[in-house]
Amino acid sequence: DLVRAHPKMPTYHSSEGNTKISAAWLIEACGFKGVRQGDAGVSSQHALVLVNYGRATGADIWSLAQRVRDTVAGRFGIVLEPEPLIL
């Protein structure tokens, strides 16, 4: 359904028969590439990279990550999961 609604959405087909969707594309489609929230931001070079522009705390970065995740989930029905271990 998502691919029909968004024909430019890049997809990747796995050997198991699954279809993978680009998280970077989803984030960009929600308008987050290059967005700043205080000193926390989404890189203007790559939407999967969160950036500390100076004085952002871990909580600031996490808040932005949650905002991105919630927006993607609301628009596309896909919940992004962080890949790095967050302590």
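Let me start with R67, which lies in helix α3, where helices (H or I, at least four residues) and strands (E, at least two) are DSSP runs numbered from the N terminus. Please keep in mind that this is a predicted model, in which local features need pLDDT of at least 70 and side-chain atom pairs count only at pLDDT 80 or more, while totals for chains, interfaces and linings use all residues. Residues are numbered from 1 along each chain as its sequence is written, and side-chain values use heavy atoms, with hydrogens and water left out.

R67 is partly exposed, at a relative accessible area of 38%; buried here means under 20%, exposed over 50%, and partly exposed in between, with a 1.4 Å probe and protein chains only. Leaving aside neighbours within four places in sequence, R67 is in contact with F32, V35 and Q37, contact being heavy atoms within 4.5 Å. With Q37 there is a side-chain to side-chain polar contact at 2.9 Å, a term for a pair of N or O atoms within 3.5 Å where, within protein, one must be able to donate a hydrogen and the other to accept it, and where residues adjacent in sequence count only if both atoms are side-chain atoms. The C-alpha atoms of R67 and Q37 are 10.0 Å apart, although 30 residues separate them along the chain.

Q37, in turn, stands opposite A40 in β4. Helix α3 packs on the sheet and touches β3, β4 and β5, its direction making about 35 degrees with that of β4; axes are lines fitted to C-alpha atoms, for helices over the stretch in contact, and angles run from 0 to 180 degrees between N-to-C directions. The open sheet has 3 strands in the order β3-β4-β5, with antiparallel pairing, and two strands pair if DSSP finds at least two bridges between them.

W25 lies in helix α2 (residues 23-29) and F76 in helix α3 (residues 58-76), so the pair ties together parts 51 residues apart in sequence. F76 is buried at 7% relative accessible area, whereas W25 is partly exposed at 22%.
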